[in-house]
Amino acid sequence: MTNKLLLLPGDGIGPEVMTEVERVLDRLMSRHGLKLDVETALFGGASLDEEGVPITDAVVATAKSAQAVLMGAVGGPKWASVARDLRPEMGLLRLRKEMDVYANLRPALCFAALADASGLKRHLVEGLDIVFVRELTGGVYFGTPRGIETLADGSKRGFDNQVYTSAEIRRVARVAFELARKRSNKVTSLEKSNVMESGLLWRQEVTALHASDYSDVQLEHMYADNAAMQLVRAPQQFDVLLTDNLFGDVLSDLAAACTGSIGLLPSAALGDAGKPGLYEPIHGSAPDIAGKGLANPVAAILSLEMALRWSLGEVGLADQLYRAVEAALNNGARTADLGGSLSSTDMGTAILAAL
Ligand code: IPM
Ligand code: MG
């Protein structure tokens, strides 16, 4: 049976970076023996415009039946005033929830050739290789009740709910511990157990799982606000950072910026073993540069690299693709976000040449 890969280009720069991913896929299939059944579907604002919803039931079903799903980006000012449940972002949240991809791996690594592109001093980021394991299908993103209500005096009250169960905490913590064993064997678990009940439960569950199953891994607990400071002060102290959904959203952007450009970093959202993974560049739809051919396709191409590695059983090809990206950067290939002048297509071509 041939593995299926579903591409969801989405909105903004999504289609542009996905075009470069498709060129890489064509090359891997024509010259490197990759066998894959590739499908493409509408997603986000593009789906809303065409189908009236940010993702259709049919696309959700296709995603669940694929081995891997690779998306570009969703959202943009065009859909800013759309009802909340129809917003492009809701298509993404639904897809994550229905695919049950609860563990979001977000590497923040600094390519040697780009150590000077970071806003941080070179010695702080040179060789940086840390990874977030962000809980992705729970917490305040999905907790109920939520809403905006009108009070008796006519003023309003907006509320969300941060909720975590033991099972939700333990399954994502397990992914972090397993990953750490393959890396530098250290997990730093982030929460605000000093002020939040869900944070306290988070710390208790992670501590208990560590004691019962992972005592060989070094575990450290840190308040999420302190972690924000440590990430810009001394990011190399970390290996695997375990976080809830919201802290992971915020802190992974921060860490990405430390590596030089958010246009470089991929992510993988994984569920239980054998289930399909969802792969996303961590940059957004970047409406300000959309359609101009300026977007850096590296994050999307490295998301394909992660899909090959984690869902498609093609670790050898993933290694080759990673080295090709690294080589292109070493050869000086730079898009505008990295201070260069290459277009998205030129960058794709440089990576293909290295491949
Ligand atoms: C991300 C994004 C999403 C999130 C949005 C687009 C829903 O910011 O993947 O980091 O908040 O999870
Ligand atoms: Mg985000």
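Reader: Which residues of α11 are buried?

Author: In this predicted model, the buried ones in α11 are Leu317, Ala318, Leu321, Ala324, Val325, Ala328 and Leu329.

Reader: Where do they sit around the helix axis?

Author: Looking down the axis of α11, the buried residues fall within an arc of 135 degrees, so they line one face of the helix.

Reader: And what covers them?

Author: The cover includes α1 (14-31), α10 (298-310) and α12 (344-354).

Reader: How many residues has α11, and how far does it reach?

Author: α11 covers residues 315-330, which is 16 residues. From first C-alpha to last it reaches 22 Å, close to the 22 Å expected at 1.5 Å a residue.

Reader: What follows α11?

Author: Gly332 does, and its phi is positive, near 95 degrees.

Reader: Another helix, then. Which residues of α3 are buried?

Author: In α3 (residues 57-65), Val59, Val60, Thr62 and Ala63 are buried. They span an arc of only 160 degrees around the axis, which puts them on the same side of α3.

Reader: What does the face turned away carry?

Author: The exposed residues Asp57 and Ala58. On the buried side, the cover includes β1 (4-10), β2 (37-40), β3 and α4 (88-99).

Reader: β3 is a strand. Which way does it run against β12, parallel or antiparallel?

Author: Parallel. Three bridges join β3 (residues 68-73) to β12. One pairing is Ala68 with Gly277 in β12.

Reader: How many residues of β12 are buried?

Author: Five of the five, residues 277-281, so β12 is largely enclosed by the rest of the structure.

Reader: Which residues are on which side?

Author: Gly277, Tyr279 and Pro281 are on one side of β12, with Leu278 and Glu280 on the other. Both faces are covered. As background, side chains in a regular strand alternate between the two faces of the sheet.

Reader: What about β11 and β12? How many bridges there?

Author: Four, in the antiparallel sense. β11 is residues 266-270. Ala268 stands opposite Tyr279 in β12.

Reader: How many residues lie between the strands of that hairpin?

Author: Six residues lie between β11 and β12. Gly274 in this hairpin takes a positive phi near 90 degrees.

Reader: New topic. Which residues surround ligand 1?

Author: Glu89, Arg96, Arg106, Arg134, Tyr141, Asp249 and Glu280. Glu280 also belongs to β12, where it is buried.

Reader: How far is the side chain of Arg134 from an oxygen atom of ligand 1?

Author: An N or O atom of the Arg134 side chain is 2.9 Å from an oxygen atom of the ligand. For Tyr141, a polar side-chain atom lies 2.6 Å from a ligand oxygen. For Asp249, an N or O atom of the side chain is 2.8 Å from one.

Reader: Is Arg134 buried or exposed?

Author: Buried, with a relative accessible area of 1%. The cut-off for buried is under 20%. Arg134 sits in β5 (residues 129-135).

Reader: What does the side chain of Arg134 make polar contact with?

Author: Asn245 is one of its partners, side chain to side chain, at 2.7 Å. Tyr141 is another, with a polar contact of 3.2 Å between the side chains. Beyond neighbours within four places in sequence, Arg134 is in contact with residues including Arg96, Tyr102, Val172, Thr243 and Gly248.

Reader: Where is Arg183?

Author: In the loop between α6 (166-181) and β8 (186-191). At 28% relative accessibility, Arg183 counts as partly exposed.

Reader: What does Arg183 touch?

Author: Leaving out residues up to four places away in sequence, Arg183 touches Asp129, Ile130, Val131, Asp239 and Val240. Its side chain makes a polar contact of 2.9 Å with the side chain of Asp239. Arg183 and Asp129 are 54 residues apart along the chain, and their C-alpha atoms are separated by 9.7 Å.

Reader: What is the phi of Asn185?

Author: Positive, about 65 degrees, although Asn185 is not a glycine. Asn185 is in the loop between α6 and β8. At 24% relative accessibility, Asn185 is partly exposed.

Reader: And Asp100? What is its phi?

Author: Positive too, at about 55 degrees, and Asp100 is not a glycine. Asp100 lies in the loop between α4 and β4 (103-109).

Reader: Last one. Which residues does the cis peptide bond join?

Author: Thr144 and Pro145, with omega about 0 degrees. Pro145 is in the loop between β5 and β6 (147-150).

Technical notes:
Residues numbered from 1 in each chain as written. Chains lettered and ligands numbered in written order. Predicted model: local features only at pLDDT ≥ 70, side-chain atom pairs only at ≥ 80, totals over all residues. Heavy atoms only, no water. Helix = DSSP H or I, 4+ residues; strand = E, 2+ residues; numbered from the N terminus. Expected span 1.5 Å × (residues − 1). Buried < 20%, exposed > 50% of the residue type's maximum accessible area, 1.4 Å probe, protein only. Arc of directions from axis to C-beta. Contact = heavy atoms within 4.5 Å. Pairing = 2+ DSSP bridges. Near = heavy atom within 4 Å. Polar contact = N/O pair within 3.5 Å; in protein donor to acceptor, adjacent residues only side chain to side chain.
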